[in-house]
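Let us walk through a protein model step by step. Keep the viewer open and follow along.

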Amino acid sequence: FAGLSDISISQDIPVEGEITIPMTSHIREFDSSTLNESVQNTIMRDLKAVGKKFMHVLYPRKSNTLLRDWDLWGPLILCVTLALMLQRSSVDSEKDGGPQFAEVFVIVWFGAVTITLNSKLLGGNISFFQSLCVLGYCILPLTVAMLVCRLVLLAEQGPINFMVRLFVVIVMFTWSIVASTAFLADSQPPNRKALAIYPVFLFYFVISWMILTFTPQ
Amino acid sequence: MKQALVDDTEDVSLDFGNEEELAFRKARLGYGASGFFPRHPLATFFHLFFRVSAIVTYVCCDWFSRSFVGCFVTVLLLLSFDFWSVKNVTGRLLVGLRWWNHIDEDGKGRWIFEARKASPQRSVATEAEARIFWLGLVICPLIWTVFFFSTLFSLKLEWLALVIAGISLQAANLYGYILCKMGGERDIGKITASFLSQMVFQTASPRDFQKPGLKGLEIHKH
C-alpha cells in the first residue's frame, strides 16, 4: 500500500449524479376536499383560474405560479373566437368560411404542439401541457388585434386604413412575443434560448399575417 | 293473536345470528320502490346528455342548419362541456374517482389519481349509477372512432379536425378513469380480463352474488 499515499484527488473533478425518487402515480384512498366540494365551487375555481391567467398575459411578468396551474380553456376560447372572426362572408352560403375556420384551428393547435415538441427536444424543462397553455394564452393580444382590425375595416378602405392595422398588429405581435418569452425562456438551457424562441416567433408571425391580410370579402 | 303480531313485523322471527346479512337485506328492502332511483339524478343526466347530444348534433347537423361553422362550434362546445363535467363532477359523484395533473416545484408534471374508499354497503342505486357511468364512458369514444373512419373514407376532411378533437377529449377521460380504477395495477390485460369476467357474471346471474339462505323466508313483499 505504499503507493497509495501518493494519490490525491484534485479539487476540480466534478462529482455529480442524480437522485430520483420514482414517483409512481398511486391511488390515495381518502375523502380529500376536492372529492367532496360542491359543483359550484369547482366551476368558480376554474373560472377564476382562467381569468387570472388572462390578467397575467395582459401584464406579463416572470411568474412561476402561473405555469404550475395550467389549463387549456383559455386557448380553446381564444382559438374559437379568432377562427370565428377570421371568417370571410362569401357569396355562396353553402361553404361559408368552412375551410378557413378549420384552417385556423389546425394552424393554432398544430403549431403549438410543434413548438412544444421542439422545446422538449432541445432539453427544455417544461411539461407538454404547460407549454401548450402558455402559447395558447399568449394569443390573447392577437385576438384583440383581430377585433380592432375588424372594427377598423368597417371604415373606408385605403392606405391609412392599412397603416393603422399594420401598426396595431405589430404592437400586439410584440406583446405576444414578450408575454410568451417571459414564461417560456426560463425553462430552456441558456445556450438554446434563441433556438427555442424562434419557432414561437414564427408561430405568432403566421397568425399576425392571417390577421393582417384579412379582408371581409 | 300472537301469530298475527309476529306476522306484522318481518324481523322478529328471523334469527339466524347473521347481523350483517340482516342489515343488508333490510337496507335493500327499505328502498322499496325507489331502489333503482339514482342518488344523483342530475349528475347522471348530464353525464349522458352532453356526450349524446354532441354525437346527435354531429350526425344531424345537415338537417338543422347548412352552416359548417355553427355545427363545428356547437359540437366543440358540447364536447368541452362534456369533458369538464365528466372529469370534475360526474366521476366524483357517481363513482368517487378523480384524476388531475400536478406540477411540482421543479416543473415536473405528475398525474394524481384519487378514489373514494369503497363502502361495504353498495346499494342497487350506486351500482346502477356506476354502470351508467362506465357504459357512457366507453361507448362514446368508440362511436367517435367510427366517425373518424367514416369521415376519412368519405373525404370530408374539414370535419376531421372536429372528430379528432372529440376522440382525444373522450379518450382522455376514459384513460384517466381507467387508471384511477386500476389502483396501481399496471397490467392492463389482467385488469380488462377481470373486469369483463365480472361484468359477464353479474349480467348472467345477479342473484348469485347474494348470500344464500334467505330464500323462501320473505314475510313481507313490498
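How many cavities of 30 Å³ or more does the structure hold? The structure holds six. This is a predicted model, where local features need pLDDT of at least 70, side-chain atom pairs count only at pLDDT 80 or more, and totals for chains, interfaces and linings use all residues. Residues are numbered from 1 along each chain as its sequence is written, chains are lettered from A and ligands numbered from 1 in the order in which they are written, and side-chain values use heavy atoms, with hydrogens and water left out.

What is a cavity here? On a 1 Å grid over the protein atoms alone, a cavity is a set of points where a 1.4 Å probe fits but cannot get out; lining residues have an atom within 4 Å of a point. Grid points are joined across faces, edges and corners, and a volume is the space filled by probe spheres set on the points.

Now take the largest cavity. Its space is about 70 Å³. Among its lining residues are Ile115(A), Ser119(A), Leu184(A) and Val200(A). Helix 5 (98–121) and helix 9 (193–212) of chain A each give two or more residues to this lining. Helices are DSSP runs (H or I, at least four residues), numbered from the N terminus. Helix 9 of chain A gives the largest share, three residues.

Move on to helix 7 of chain A, residues 140–153. Its 14 residues should span 20 Å at 1.5 Å a residue, and its end C-alpha atoms are 20 Å apart, so the two values agree. The expected span is 1.5 Å times one less than the number of residues. The buried residues of helix 7 of chain A include Leu140(A), Met146(A) and Leu153(A). Buried means under 20% relative accessible area (1.4 Å probe, protein chains only). The buried residues of this helix pack against helix 2 (39–58), helix 4 (73–85), helix 6 (128–137), helix 8 (159–184) and helix 9 of chain A.

Finally, turn to chain B. Leu160(B) lies in helix 6 (residues 160–182) of that chain. Is Leu160(B) buried or exposed? Leu160(B) counts as buried because its relative accessibility is 15%. Leaving aside neighbours within four places in sequence, Leu160(B) is in contact (heavy atoms within 4.5 Å) with Phe148(B), Thr151(B) and Leu152(B). Val124(B) is 36 residues from Leu160(B) in sequence and 41 Å from Leu160(B) in space, C-alpha to C-alpha.

Definitions and conventions
Buried < 20%, exposed > 50% of the residue type's maximum accessible area, 1.4 Å probe, protein only. 1 Å grid on protein atoms, 1.4 Å probe; cavity = no way out; pocket = protein on both sides within 12 Å on 5 of 7 lines; lining within 4 Å.
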